[in-house]
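These are my notebook entries on a structure that I had not examined before. I set down what I looked up, entry by entry.

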Amino acid sequence: MVVDSRLVTICGLLHDIGKVCQRADNEKKTHADIGAEFLQQFMTNNKKTPDDVQLLQSVLFHHGVALKNVNLPVSALAYLVYEADNIAAG
């Protein structure tokens with residue numbers, strides 16, 4: 001499997017974008033949900049490319065609780081973002 005390093009970088013950088021929105025607006029939803037909603041507004045006419053899907057999955061499922069409750073393909077970049085997030089938090 002070939003991994004697009006540009007896309008992995010984007011996913012890693014944006015996976016917590018919802019925290020900024022959450023803290024700015026005192027939102028009560030999870031930062032993962034807020035981040036995915038925020039990013040979707042920049043996706044053309046809600047027609048998601050495969051890269052868009054990978055990004056949204058990385059934002060939505062970068063925590064273990066969310067990741068274990070969803071059936072993503074083994075190629076999903078959300079797994080890499082989850083591991084990187086854990087390493088960074090450690």
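Entry 1: I began with L80, which sits in helix α6 (residues 78-89); helices (H or I, at least four residues) are DSSP runs, numbered from the N terminus. L80 is partly exposed at a relative accessible area of 45%, where buried means under 20%, exposed over 50%, and partly exposed in between (1.4 Å probe, protein chains only). Together with M1 and V3, L80 makes up a nonpolar patch on the surface, and the three have about 330 Å² of accessible area together. Patches take residues with over 30% relative accessible area and no salt bridge, and nonpolar side chains (Val, Leu, Ile, Met, Phe, Trp, Tyr) are joined within 5 Å, like charges within 9 Å. The areas come from the Shrake-Rupley method with a 1.4 Å probe, and for residues only the protein chains shown count as cover.

**Entry 2: the basis of the values.** I note that this is a predicted model, in which local features need pLDDT of at least 70 and side-chain atom pairs count only at pLDDT 80 or more, while totals for chains, interfaces and linings use all residues. Residues are numbered from 1 along each chain as its sequence is written, and side-chain values use heavy atoms, with hydrogens and water left out.

**Entry 3: salt bridges.** I counted as a salt bridge a side-chain nitrogen of Lys or Arg within 4 Å of a carboxyl oxygen of Asp or Glu. By this rule I found four salt bridges. K19 pairs with D16, their closest N and O atoms being 3.7 Å apart, and K19 is partly exposed at 28% relative accessibility. R6 forms a salt bridge with D4 at 3.6 Å between the closest N and O atoms. R6 also meets D51 in a salt bridge of 3.1 Å, N to O. Because R6 lies in helix α1 (residues 5-14) and D51 in helix α4 (residues 50-60), this pair ties together parts that are 45 residues apart in sequence. I then looked up D51 and found 31% relative accessibility, so D51 counts as partly exposed. Shared partners join D4, R6 and D51 into one network of salt bridges.

**Entry 4: cysteines.** How many disulfides does the structure hold? I found zero disulfides, taking a disulfide as a pair of cysteine sulfur atoms within 2.5 Å. C11 is in no disulfide, and the nearest cysteine sulfur, that of C21, is 17 Å away. C11 counts as buried at 0% relative accessibility. C21 is likewise in no disulfide, and at 16% relative accessibility C21 counts as buried.

Note on methods:
Helices (H or I, at least four residues) and strands (E, at least two) are DSSP runs, numbered from the N terminus.
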